Amino acid sequence: GIACAQLLTQGDWCIVVTAPRLEAVASLFQQAARLLPSAEVAPGKIRHGQSSITFHAADDIIATTPEADLLLVDEAAAIAAPMLEKFLNSYNRVVYSTTVHGYEGSGQGFDLRFRSILRQQAPQAKSLTMGQAIRWSEHDPLEAWLFDTLLLGAGAADSGDCAGVSASQCVVERLCRDELLRDEALLQQLFGLLIDAHYQTTPDDLRSLLDGPNIEVWTSCYQNTVVAAALVATEGDIDPAMSSAIYRGERRPRGHLLAQTMSYHGGFEQAATHTYSRVIRIAVHPAARRCGLGQSLISTVVSQAREEQIDYFGASFAASDDVLAFWRSVGCAPVRLGISRNASSGSHSAVVLSALSERGSHLYSDMRRVFCQQFPWQVGRTFNGLEPGIIAELMQSLDAPATTLDEHGWSEVRAFVEASKPYAVCAHSLWLLSCIGLSQASIQQQLSTKQLDLVVMRILQGRSESDVISLLGLAGKKSLQQQLQQAMAVLRLTLIKRSNAV
């Protein structure tokens with residue numbers, strides 16, 4: 001706040017401030033206003049002559065990219081790394097401020113995950129570290145005790161203890177809380193792994209881990225080293241009266257995320273009466289990733305849930321193509337994608353499920369049918385700003401091609417590929433072809449990454465020519481037309497060969 005006030009007195013500056021919430025930067029505005037007595041002050045905004053300091057929510061910045069000479073990001077550890085990266089790509093001057101070890105409990109994730117992005121994209125960036133606290137005396141014994149009690153300094157095991165480990169070498173088991181309380185080294189490793197893997201891990205998660213009545217703790221260990229972990233909640237089994245109230249949006253009982261989501265947002269009233277095993281957190285040690293440990297851990301958890309006659313196994317998370325691909329690899333399919341971006345993560349929330357019981361299988365079939373029918377239509381409307389990689393991953397998760405092409409449709413596709421008809425005339429047939437082709441992973445793989453992004457953005461999402469040209473770095477409209485023709489030629493030829501083979 002002091003720095004902002006000094007800048008505003010030195011010249012015309014447009015400063016944008018963001019944080020997880022406006023209250024987090026209240027002191028910034030208080031300090032700036034104190035040093036600028038003649039300024040116009042309003043909640044989240046200070047104007048001093050031609051200069052200004054304005055608060056914008058993180059998701060609003062992503063959506064609108066407000067003009068700014070300087071972007072200040074406070075409590076950056078509580079904002080997802082993909083959003084921080086977008087800020088970096090959108091502004092020339094950016095300051096990220098965060099506590100690496102502190103009450104948020106998520107600073108280490110920022111330190112490990114975003115610093116690598118920063119080094120790659122902005123090697124000229126400067127780093128300043130405050131070593132001495134200003135809110136308490138140095139070496140304060142109460143702060144030291146609190147820091148240790150809340151495991152704010154917890155970290156995952158040393159990389160050398162688990163590098164190259166395979167799933168067959170690990171022991172997967174469900175832990176009891178008493179065991180965690182007796183073994184502080186185990187608890188430190190477990191919580192440290194969760195902190196490193198998840199940007200939203202807080203001390204409250206430690207309380208839930210040790211106290212949550214419906215939460216199970218699963219670990220995969222190699223020679224007493226925690227190499228993977230999962231927190232799993234048992235949800236649902238809600239009585240019919242409460243279930244109806246949830247469906248109508250009148251009640252939202254805590255601790256039943258999947259049951260509520262599929263009842264109220266999904267539109268399946270009976271969904272809340274069923275039982276769910278939901279993965280709240282899953283983490284694999286960075287030195288042991290891509291070794292099948294996550295899949296092995298999930299397989300054991302699913303087997304146990306099936307034995308306990310749970311109806312569904314699943315998760316809800318900030319959607320990204322790699323995370324969606326992981327859940328698809330363990331047998332979970334998307335049944336819902338949130339219609340708006342989460343203010344903290346900057347992403348749409350995805351819900352994935354697999355059915356474990358006969359009762360669950362019937363409703364799960366309806367959930368999947370509705371998602372597969374609606375998603376291709378939603379891409380060009382509700383999700384026309386979604387990242388192409390996520391669209392492509394969700395498209396290939398569809399159970400079957402969304403529609404078919406008749407003889408007239410095939411002729412329009414051919415006419416577009418051969419440049420005898422313009423895009424506007426053939427757009428519907430090209431959309432149908434894209435829905436069919438992108439619903440199959442083997443056909444998607446015939447397209448380059450750029451071609452896939454082009455098909456998703458221009459045809460499925462219906463983005464304007466100028467937007468696509470700008471986002472993909474194309475030379476102009478002619479280049480766009482030619483590259484789109486090439487991509488559709490690949491889809492057309494691949495599908496024709498597939499049809500002849502059948």
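This is a predicted model: local features need pLDDT of at least 70, side-chain atom pairs count only at pLDDT 80 or more; totals for chains, interfaces and linings use all residues.

Mentor: Residues are numbered from 1 along each chain as its sequence is written, and side-chain values use heavy atoms, with hydrogens and water left out.

Trainee: How are two packed helices described?
Mentor: By the angle between their axes and the distance between the axes. Helices (H or I, at least four residues) and strands (E, at least two) are DSSP runs, numbered from the N terminus. Axes are lines fitted to C-alpha atoms, for helices over the stretch in contact, and angles run from 0 to 180 degrees between N-to-C directions. Take α14 (residues 358-379) and α15 (residues 388-395): they pack at about 155 degrees, with axes 11 Å apart. That makes α14 roughly antiparallel to α15 (an angle over 145 degrees).

Trainee: Which hand does the crossing of α14 and α15 have?
Mentor: Left-handed, meaning that the near helix is turned anticlockwise from the far one by less than a right angle; clockwise would be right-handed.

Trainee: Which residues of α14 and α15 meet?
Mentor: F371, F375 and V379 of α14 meet I391, L394 and M395 of α15 (contact means heavy atoms within 4.5 Å). The contact divides into six nonpolar, no polar and no charged residues. Ala, Val, Leu, Ile, Met, Phe, Trp, Tyr, Cys and Pro count as nonpolar, Asp, Glu, Lys and Arg as charged, and the others, Gly among them, as polar.

Trainee: At what angle do α19 and α20 pack?
Mentor: About 155 degrees, with the axes of α19 (residues 449-460) and α20 (residues 465-472) 10 Å apart. The two are therefore roughly antiparallel to each other, and α19 passes α20 in a right-handed crossing. K450, D453, L454, M457 and R458 of α19 make the contact with E465, V468, L471 and L472 of α20. Those residues divide into five nonpolar, no polar and four charged.

Trainee: Is Q223 buried or exposed?
Mentor: Exposed, with a relative accessible area of 65%. Buried means under 20% relative accessible area, exposed over 50%, partly exposed in between (1.4 Å probe, protein chains only).

Key: Angles under 35 degrees count as roughly parallel, over 145 as roughly antiparallel, 65 to 115 as roughly perpendicular and the rest as oblique.
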